Structure formats: structure tokens, C-alpha cells
Amino acid sequence: MNRQLAGTGALLRLALRRDRVMMPVWVLVTGGLVASMPGSLEKVYGTDAERAELASSMNANGSMRALYGPVFGDSLGALTSWRMGVYGAVLAAVMSLIIVIRHTREEEETGRQEMLSAAMVGRRAPLTAALLAALVANACVVLLVAGGLAGQGGPGALVLGLAIGGAGLLFAGIAAVAAQLTESARAAKGLTSAVLGAAFVLKAAGDAGTPDGASALTWISPLGWVENARAFAGERWWVLLLLVAGVALSTGAAYLLAGRRDLGMSFLPARPGPAEGRLGTAGALAWRLQRGSLIGWGAAFLVAGLVFGGMADGAADVVGGNEKTRQIIERMGGQSGLTDAFLAAMAGLLGMIAALYVVSSVLRLSGEESAQRAEPLLSNAVGRLRWAGGHLVVAFGGSAVILLLAGLGLGIGHGRDLGTTVGACLAQLPAVWLLGALAALLHGALPKYAVAGWAVAGVALALGWIGPALDLPQSVMNVSPFTHLPKLPGPEALDWAPLLTLTVLAAALVAAGLGALRRRDMVA
């Protein structure tokens with residue numbers, strides 16, 4: 001066994017060095033958002049009566065329970081656990097799956113692992129190093145959450161930190177299993193993300209039906225375990241044992257599978273596809289490569305639209321007479337009445353999430369190039385602009401499709417004119433396209449730093465998500481292109497100027513990125 005783990009320390013140091021920027025950013029964002037929530041909640045719900053009213057309103061609204069879960073207490077700590085426990089766990093899970101797949105399947109896919117294995121590196125050393133890197137990251141999240149919430153009293157801070165970190169480690173193990181099953185890093189990420197999405201849907205369905213988290217569907221979901229740990233509300237330490245068992249089972253399965261396959265192989269090989277017909281053009285190939293992702297995103301946006309639309313009429317009941325909460329919703333969605341402001345805020349939120357899709361789709365170019373799948377294609381009668389253009393059409397056109405579906409969901413869920421809600425969602429497109437255009441520019445001009453496109457989209461999402469609650473200065477909020485969009489639906493006339501300005505700017509950035517791609521060398 002020692003021989004199979006030879007070189008683990010060196011690989012772990014290499015992984016931590018490669019992730020010296022990404023990992024601290026993820027840790028600080030995840031832990032920082034959770035730790036900062038009590039201060040934000042206190043600004044909005046400053047009295048015990050206001051917090052008790054919030055808890056009662058949330059538990060009485062099935063749609064809100066589906067989105068955030070039930071409230072088990074009305075202290076600042078309990079409300080922080082309710083508001084950020086599951087979402088903190090989702091962030092930790094995404095961080096973990098990126099770390100593990102990057103240092104396992106992605107290394108094999110690019111051929112770097114084969115070179116490393118030529119040295120004194122044991123068979124299971126890469127997997128062990130990846131899991132240890134995820135352990136380091138999640139341990140830092142636990143310390144940041146527990147330390148940041150220590151002032152709330154009791155052991156709740158530690159329970160919440162361990163629950164979030166435990167969920168992160170569980171999905172690190174699931175990602176390790178996916179890396180053994182699939183032949184590409186993208187497929188492994190997709191499979192793990194699908195499990196994470198299913199866990200959230202199960203928890204949401206269970207919480208919508210019961211106000212105490214006792215539904216069988218909630219208990220099936222690992223995210224349901226996080227909420228049922230009940231930090232700051234009569235902690236259930238034994239629930240953490242479920243996360244420990246899940247981590248042990250998933251990592252054990254990953255090690256078992258890793259010992260039964262050759263380097264670079266998988267248990268679910270990619271299906272061979274046709275070499276002509278529908279794949280006769282670069283655009284058709286781009287569609288074939290990305291259609292699964294688009295279908296998944298589209299279905300998720302349609303469901304999210306239905307849920308948010310169904311919640312709109314209950315927004316006034318949840319807010320009640322709390323003027324500060326009303327102000328937050330209006331800062332997100334405009335001054336057009338609480339229901340319209342809520343719908344506008346949800347349309348804006350869906351737009352910011354759509355930016356993650358367009359960045360992911362644009363950066364598929366970087367994945368194809370770094371994996372050296374683009375070079376054989378470009379050696380034939382396919383120009384760089386046609387190759388890149390195919391992926392960009394799917395990326396920008398796909399973002400329009402998923403926002404269209406989101407608008408349909410909002411309209412159906414709320415029972416109002418579909419044109420109004422579809423227009424509100426499609427109004428987000430110029431900002432979404434601008435962030436996608438920035439990713440295209442980075443890929444064309446600075447391919448080694450194209451991953452920074454994620455950081456830009458993350459900043460826009462963070463500003464839109466927590467900026468209104470923190471009442472950030474307008475100069476800071478203006479950094480996000482979404483701040484400049486009209487707040488729809490609303491009674492005021494549509495202002496086309498910012499929409500056209502952002503669209504023209506996005507087109508200019510895409511043109512600059514394609515020009516840079518045409519002139520530079522391909523990444524080796």
C-alpha cells in the first residue's frame with residue numbers, strides 16, 4: 001500500500017501550489033459569506049419580534065421553504081444557518097468537485113498524469129493528493145465559519161462549519177467516483193453537478209411539504225443533512241455522522257474503482273459519434289459537444305422560473321411590515337410595487353446565474369484547445385474563426401434560450417402575461433453577453449488567464465446577490481453590468497440606451513477576442 005501512495009506529498013504540494021489563487025478565493029467567499037450574514041440580518045431584522053415574524057412567515061410559505069428550507073430558531077445564529085447553511089454547502093461542494101477533478105481526471109485527459117506516473121508515483125497517489133487538497137480547503141472553510149460565528153454563542157458555529165465542510169468533502173468523494181467513471185473532466189464535472197442538483201431538488205421537494213425538515217425526501221439528500229444538523233437551534237451532532245459515513249463510502253468507492261482501471265481509461269467510455277452528416281461543420285460539432293449542457297441548464301431555468309413565479313404573490317406576506325426588507329427587494333428589483341419588484345429581482349438573479357452558463361460555454365474553447373482536440377480540427381479546412389464562432393453561437397444563443405425558458409416559467413408560475421416576464425428575463429441578455437464577451441476576449445488574447453472569466457462573473461453575481469443587503473455604495477454596484485439594466489417588469493417606459501450600449505460593447509469585445517485568437521499561437 002505504501003508503494004501505491006508513493007509521491008503523495010509531492011503531488012499534494014504541487015496541487016496546492018497550482019491552486020494558490022483559486023482555493024483561497026473559494027474559501028474566503030464561502031466562509032466570508034456565511035460569517036458576514038449575522039451582521040446583514042441584524043441590519044434588516046434588528047429586534048426579536050421582527051426575527052420571530054420572519055421565522056413564522058417563512059415556515060408558513062411552502063415555496064419559501066423549498067428555496068431556503070425551514071427556520072428552526074429566530075436567533076441571529078439560527079437565521080444565519082437557515083439562510084446560508086445549505087447555500088454554503090453548495091459552494092463548498094462546487095469548490096471540492098473542481099479541485100478533485102482538476103487533479104485527477106483533468107490531469108489524465110491532458111496527458112500530464114502519464115508524465116508524472118513515469119516517476120516514482122504510486123497508483124493511488126494522484127487520487128489521494130486530490131482528496132487531501134479538498135480536505136485542506138474544506139478545513140479552512142470550517143475554521144472560517146466557526147471562527148466568524150463564534151460570537152453567536154454555543155456550539156452552533158462549530159456544528160454549522162462542520163456540516164458545510166462535511167458536505168464539501170462528501171462531494172469531493174462523489175467527484176472522485178465520477179472521475180473514475182467518465183472519460184473527460186467535463187463529463188465528470190457534469191455528473192457530479194447533476195448529483196448536487198438532484199440533492200437540492202430532493203431537499204426542496206421535501207421542505208415544501210413539511211415545515212420541520214422531517215420529510216423522507218429531505219433526509220435522502222445530503223443537503224438535507226446540513227439543515228437538519230440544526231446549528232444554533234438544538235444542535236444534532238449525530239447528523240454529522242451521516243456526512244462522515246457518506247465521505248467514507250464515496251472515497252472508498254473511488255479507491256476501489258481507481259484500482260480496477262488503466263491510466264486514461266474509464267468505466268463509461270465516450271460514445272463514438274458520426275464523422276459526417278450533422279457533424280459536417282464546426283458549428284454542428286460545437287452544438288453536439290454542448291447540447292447536453294444547454295438542455296440541463298434550460299430545464300433548471302424553467303423549473304427555477306416556475307418556483308420563483310409561484311413565490312411572487314407571497315412576497316408581501318413574507319416581508320410584512322419590515323421596511324428594510326422592502327428596501328432590499330426594491331434595490332434589487334426597482335420601485336414598481338413589491339410583487340413586480342420581486343419578479344424583477346428574480347429575473348435579475350436568473351440573469352446573473354445565466355452569466356455562469358455563458359462563461360462556461362465560451363471557455364469550452366479553452367478546454368478543447370488545452371486538451372489538443374482543436375489542433376487536429378484546425379489542421380483541416382476549418383479556420384480558427386469558424387471553429388470559435390461555432391462555440392460562441394452556442395454560448396450566446398444558448399443563454400438567450402435558457403432566459404426565455406426562465407421567463408416562461410416565471411409567467412406560468414405567477415399566472416400573468418408571458419410577454420411581460422419573458423421580456424424581463426431577456427432584458428438581462430446584454431449584461432450576460434458582456435460577461436461572455438470578456439471571457440472570449442481573455443481566451444483570444446490571454447489564453448493562460450482565460451479562467452479569470454469565472455472571477456469576473458463571480459464578482460457580478462456576488463454584487464447582485466449580497467450588494468443590496470449590505471447597501472453597498474452605488475459606485476461599487478456600478479462595477480456589475482447588471483446594475484445598468486432596466487428593472488422589469490414595471491410601469492416605467494423601457495430604456496433602450498443601456499441595453500444597446502452593453503450589446504455593442506459585447507460585440508466589440510468578441511471581435512477583439514476573435515482577432516487576437518487569429519493572430520496568436522495555439523496553446524501547446
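I listed the buried residues of helix α25 and got P498, L499, L502, A506, L509, V510, G513, A516 and L517. I note here that the model is a predicted one.

I then asked what the buried residues of α25 pack against. They pack against α20 (384-414) and α22. I also recalled a rule about helices: with 3.6 residues a turn, residues three or four places apart point the same way.

Next I checked the length of α25. I multiplied out 1.5 Å a residue, so the 24 residues of α25 should span 34 Å. The C-alpha atoms at the ends of α25 are 35 Å apart, which agrees.

**Entry on α22 and α25**

How do the axes of these two helices cross? I found that the axes of α22 (residues 429-445) and α25 (residues 496-519) come within 8 Å and cross at roughly 15°. Angles under 35 degrees count as roughly parallel, so I wrote down α22 as roughly parallel to α25. I noted the crossing of α22 and α25 as left-handed.

I looked up which residues make the contact. On the α22 side they are P430, A431, W433, L434, A437, L438, A440, L441, H443, G444 and A445. On the α25 side they are L499, L502, T503, L505, A506, L509, V510, A512, G513, A516 and L517. I sorted the residues of this contact by type: 18 are nonpolar, four are polar and none is charged.

**Entry on α3**

I repeated the length check on helix α3, residues 48-59. At 1.5 Å a residue its 12 residues should span 16 Å, and the end C-alpha atoms are 17 Å apart, so the two agree. For burial in α3 I recorded R51, L54, A55, S57, M58 and N59.

I looked at backbone angles here. As background, most residues other than glycine have a negative phi.

R230 is in the loop between α12 (222-228) and α13 (239-258). R230 is not a glycine, yet its phi is positive, about 55°. Is R230 buried or exposed? The relative accessible area of R230 is 18%, and the cut-off for buried is under 20%, so I marked R230 as buried.

F232 also lies in the loop between α12 and α13. The phi of F232 is positive as well, at about 65°, and F232 is not a glycine. The relative accessible area of F232 is 14%, so I marked F232 as buried.

Definitions and conventions
Residues are numbered from 1 along each chain as its sequence is written. This is a predicted model: local features need pLDDT of at least 70, side-chain atom pairs count only at pLDDT 80 or more; totals for chains, interfaces and linings use all residues. Side-chain values use heavy atoms; hydrogens and water are left out. Helices (H or I, at least four residues) and strands (E, at least two) are DSSP runs, numbered from the N terminus. The expected span of a helix is 1.5 Å times one less than its number of residues. Buried means under 20% relative accessible area, exposed over 50%, partly exposed in between (1.4 Å probe, protein chains only). Axes are lines fitted to C-alpha atoms, for helices over the stretch in contact, and angles run from 0 to 180 degrees between N-to-C directions. Angles under 35 degrees count as roughly parallel, over 145 as roughly antiparallel, 65 to 115 as roughly perpendicular and the rest as oblique. A crossing is left-handed if the near helix is turned anticlockwise from the far one by less than a right angle, and right-handed if clockwise. Contact means heavy atoms within 4.5 Å. Ala, Val, Leu, Ile, Met, Phe, Trp, Tyr, Cys and Pro count as nonpolar, Asp, Glu, Lys and Arg as charged, and the others, Gly among them, as polar.
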